[in-house]
Amino acid sequence: MPQPVRANLPPLALHVPEPRFRPGDAADFTEVTVPPAGSGRRPDPVEAAAGFPELAYGLVRVLDENGRAVGPWDPRLSPDTLRRILRAMALTRAFDERMFRAQRQGKTSFYMKSTGEEAVAVAATFALDRDDMCFPSYRQQGILIARDYPLVDMMNQIYSNTADKLGGKQLPIMYSAKDYGFFSISGNLATQYPQAVGWAMASAARGDTRISAVWCGEGSTAEGDFHSACTFASVYRAPVVMNVVNNQWAISSFSGFAGAEATTFAARGVGYGIASLRVDGNDALAVYAATAWAAERARLNAGPTLIEHFTYRAEGHSTSDDPSQYRSADEATAWPLGDPVRRLKDHLIALGEWDEERHAAQDKELAEFVRAQQKAAEANGILGHGLHQPLDSLFDGVFEDMPWHLKEQRQQMLDEEAASGRPWARKPA
Amino acid sequence: MTGTDAQPSVAGEDDRSRMNMIQAINSAMDVTMGRDPAVMVMGEDVGYFGGVFRATAGLQKKYGAARAFDTPITEIGIIGVAIGMAAYGLRPVPEIQFADYIYPALDQLVSEAARLRYRSAGEFTAPITVRSPYGGGIFGGQTHSQSPEGIFTHVSGIKTVIPSNPYDAKGLLIAAIEDNDPVLFLEPKRIYNGPFDGHWDRPARNWSQHPDALVPEGHYRVELGQARTVRAGEAVTVLCYGTMVHVVLAAVAEAGVDADVIDLRTLVPLDIEAIEASVRRTGRCMVVHEATRTGGFGAELAALVQERCFYHLEAPVERVTGFDTPYPHSLEWAYFPGPVRLAQALKKIMKD
């Protein structure tokens, strides 16, 4: 070790963040500040962002401990709408369970659950218009489910089977559904952020009325794309709702490695002059209310909003991850903001608009529905059964028109097929 | 091929005027913006000021700030936003002020623009044309001189175009903007104002005497993927593009070599037929670029020629390139593949 140059000064020390709980520790979140539901003001949607910086450090909450909706952010949704949101969230959870199991059964290579984060995608989607454009990260399957995208098509994509609308070209769960206002998921982190801002800028430049919404995890806010997007969104007052899903974990890296020890993620927006809200992400009504507020702000040409959804990733990052290796097993149950499905269910019950029996019956119905969809999808094949895509489709879509070098390489591939003695499927003539 | 709902071309022989490269590039954007409301330009200093090289001069005044505007200094943002605009249905022409500054945007270009069509099975596409001045010879030092084309030709899903004169610059840029795939359009800034024969110690020339500086005022296309023979000859094939086209023409004239000089114009997709036909005839091939040598596009050209024309070759394929160093400031003419390096290579390849 080199000796300090100046012995009369204290040596510098490098701070490397460390989460509070590791495997074997009892998780205790009493240090997490949870303000009472209903606290915090709701500014007018066109108010200048400088007027409410405190909302970037607080926590917008609507549902209280008794399942009641309270305070200025209560979106006052009809019982029917509440039941539809609850159903979409429960369906997302059932879908995740089934597809996680399908991966474990070897039917596909990869899956990512959104357990505990269903409100962040589903309730936000209910607050957007059907033709608003969503630029999701990889954990917002709830958007597609909230927009009634056919589950069987999601599963076909997960299985890369003969009915996969993406032709087996993308990793499972990296959906693309233009007709449902759902942009192609990249897999590279936060790249969708400036793209969503660009889409919103184009919409504004053309005098359209549609807005865009974008999601990334708290970990990806460290990417340059996030900051470039914030700059563009602020500069051009782009009509975009920018969501940061703070689920505390980026694979094994806790939120401290993205800066959570120093400030909130909503506070990132304050420096850009962007309206910034920090929201209880497990409170479907708070998510809905914040999104509706941001969407109204965008539609009134009052600019973008950054929403941090404070939530918890209740399961592993993906099927390739084992969170028991790096975090306390207690965390999900000790999480102070509870479970989003249970909280919305309790609210509906408190309203006298739902009961445990109906909920149990719905869970059963949804599980059966998902199972039936899975059966239909598997009729088109599963990844493990191999070669579903026509061999000659491999080179399609690199360019609109295939140049000579790709044609030559395609011929080489077809020659290899002939040499292998194992004929492959072909595109229909 | 063309993805615009634009009007048919109206250019005739009689509406040509003399333009330099900047004026021709400006005219290409003007013409496409006039024909297709989806076309828009953006970049650092691009709007009111009209670009540090003046390539977008007048466009904001003519088409409004919503279609020609300045951007923050973030290349990730410029390209990422352009991709989002393209996904909406626009046809953005973002400018990266110097190709040396394109690297922050690499992920957006390589992982996003180039793959969007493939990964979404054609649901979303990124018909953007990224314009960027490149190359040295202007005392730009290591941050205003680089030739990064080889980084992009290595990527599937993006086209790379490099013009060498005003006529091609306009026609290629129009074709690039109208193309439905992402195009990197690299502009050799050393020849913006005039052709350059590599003799840095002689007076600079402008485009006023050059036949390829007579440019139609209206719409026309120079199709992507088509090379052009700029000097027909029988002794050796020289493959080049951008600034080096002019340096090569001067060098073969000075050496008295009857070279077949091919301006590739588009690197991806490459005009392989033109290359093969020429090399089979001449039996010799020299590839020339200003970019660094190792892993450069010249290596790809040399490999293609030996794969396809090996039994016609009478000498090894010769590569003439820049050195594998950063672009030096004060020693740039020692770095630049100029007349001496070309003369020696010509001598070597003609010896066998």
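Where is Gln248(A) found? Gln248(A) sits in the loop between S3 and strand S4 (249–250) of chain A. The model is predicted. In it, Gln248(A) has a positive phi of about 80 degrees, although it is not a glycine. This residue is buried, because 21 other C-beta atoms lie within 10 Å and the cut-off for buried is 20 or more.

Phe139(B) lies in the loop between S5 and H6 of chain B. Is Phe139(B) buried or exposed? Phe139(B) counts as exposed, because it has 12 C-beta neighbours inside 10 Å and exposed means 12 or fewer.

Stay in chain B. Gly141(B) also belongs to the loop between strand S5 (129–134) and helix H6 (149–153). It has 15 C-beta neighbours inside 10 Å, so Gly141(B) counts as partly exposed. Setting aside neighbours within four places in sequence, Gly141(B) is in contact with Tyr327(B) and His329(B). Glu290(B) is 149 residues from Gly141(B) in sequence, yet their C-alpha atoms are 14 Å apart in space.

Now return to chain A and its sheet. Five strands form an open sheet in the order S1-S2-S3-S7-S6, with parallel pairing. The edges are strand S1 (133–135) and strand S6 (275–280), each of which pairs on one side only. From one strand to the next, the twist averages 20 degrees.

Which strands does helix H5 (residues 192–205) of chain A lie across? H5 lies across S1, S2 and strand S3 (240–246) of chain A. Its direction is at about 170 degrees to S2(A).

The next stop is the largest nonpolar core, which has 219 residues. Those with the most contacts inside it are Val197(A), Val240(A), Val238(B) and Val248(B). Helix H8 (residues 284–299) of chain A gives the largest share of this core, 12 residues. Take Val238(B) as an example. Leaving aside neighbours within four places in sequence, Val238(B) is in contact with Val248(B), Val252(B), Ala259(B), Val261(B), Ile262(B), Met286(B) and Val288(B).

Helix H12 (residues 339–351) of chain B comes next. H12(B) has 13 residues and reaches 18 Å from first C-alpha to last, close to the 18 Å expected at 1.5 Å a residue. Its buried residues are Arg341(B), Leu342(B), Ala345(B), Leu346(B) and Ile349(B).

What do the buried residues of H12(B) pack against? Their partners in chain B are strand S10 (236–240), helix H8 (243–255), strand S13 (285–288) and strand S14 (318–320). The face turned away from the buried side of H12(B) carries the exposed residues Lys347(B) and Lys351(B).

One backbone detail remains in chain B. A cis peptide bond joins Val268(B) and Pro269(B), with omega about -5 degrees. Pro269(B) lies in the loop between strand S12 (266–268) and helix H9 (272–282).

Key: Residues numbered from 1 in each chain as written. Chains lettered and ligands numbered in written order. Predicted model: local features only at pLDDT ≥ 70, side-chain atom pairs only at ≥ 80, totals over all residues. Helix = DSSP H or I, 4+ residues; strand = E, 2+ residues; numbered from the N terminus. Expected span 1.5 Å × (residues − 1). Contact = placed C-beta atoms within 7 Å. Core = buried A, V, L, I, M, F, W, Y, C linked by C-beta atoms within 7 Å. Pairing = 2+ DSSP bridges. Axes fitted to C-alpha atoms, helices over the stretch in contact; angles between N-to-C directions.
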